Amino acid sequence: EPIGLEGKARAEIMTEAMKCGWIRIREKRNCGFTIELWELESSANDFLLDWCRDKPIYDPVKINLLKFEQAGRPQDQWFISTSIKDLLAGSLQKYLEDKLRND
């Protein structure tokens with residue numbers, strides 16, 4: 001890659017991996033977690049519930065759904081800002097149910 005575009009190939013590789021079901025989770029010091037995935041389906045929801053069980057419940061979590069972001073949808077359809085506590089309480093399940101009703 002030319003200088004200045006170093007992240008473009010990485011972003012393309014990560015997007016292709018996420019289309020195949022990969023989930024990228026990063027912990028940002030003093031900022032909680034960011035989670036990137038292609039779309040939120042029940043298998044991803046189940047994985048994320050298992051993942052967050054041993055995390056501090058008040059840590060913030062930002063979830064980016066790449067499928068909707070790349071489709072140019074409004075940010076409220078692809079960016080979810082929540083917490084470990086809310087994830088454990090079913091906030092993603094509610095999002096999934098709302099999404100299924102509206103699709």
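How many salt bridges does the structure hold? In this predicted model, local features need pLDDT of at least 70 and side-chain atom pairs count only at pLDDT 80 or more, whereas totals for chains, interfaces and linings use all residues. Residues are numbered from 1 along each chain as its sequence is written, and side-chain values use heavy atoms, with hydrogens and water left out.

The structure holds 6 salt bridges (a side-chain nitrogen of Lys or Arg within 4 Å of a carboxyl oxygen of Asp or Glu). One of them joins R24 and E36 at 3.2 Å, N to O. Because R24 lies in strand β1 (residues 24-28) and E36 in strand β2 (residues 32-37), this pair ties together parts that are 12 residues apart in sequence (strands are DSSP runs of E, at least two residues, and helices runs of H or I, at least four, numbered from the N terminus). E36 is buried at 14% relative accessible area, while R24 is partly exposed at 25% (buried, under 20%; exposed, over 50%; partly exposed, in between; 1.4 Å probe, protein chains only).

A further salt bridge is formed by E39 and K67, with the closest N and O atoms 3.4 Å apart. E39 lies in the loop between β2 and α2 and K67 in helix α3 (residues 66-70), so parts 28 residues apart in sequence are tied together. E39 is buried, with a relative accessible area of 18%, and K67 is partly exposed at 33%. Salt bridges that share partners also join R24, R26 and E36 into one network.

The side chains of K55 and D54 meet in a salt bridge of 2.9 Å, N to O; D54 is exposed, at 62% relative accessibility.
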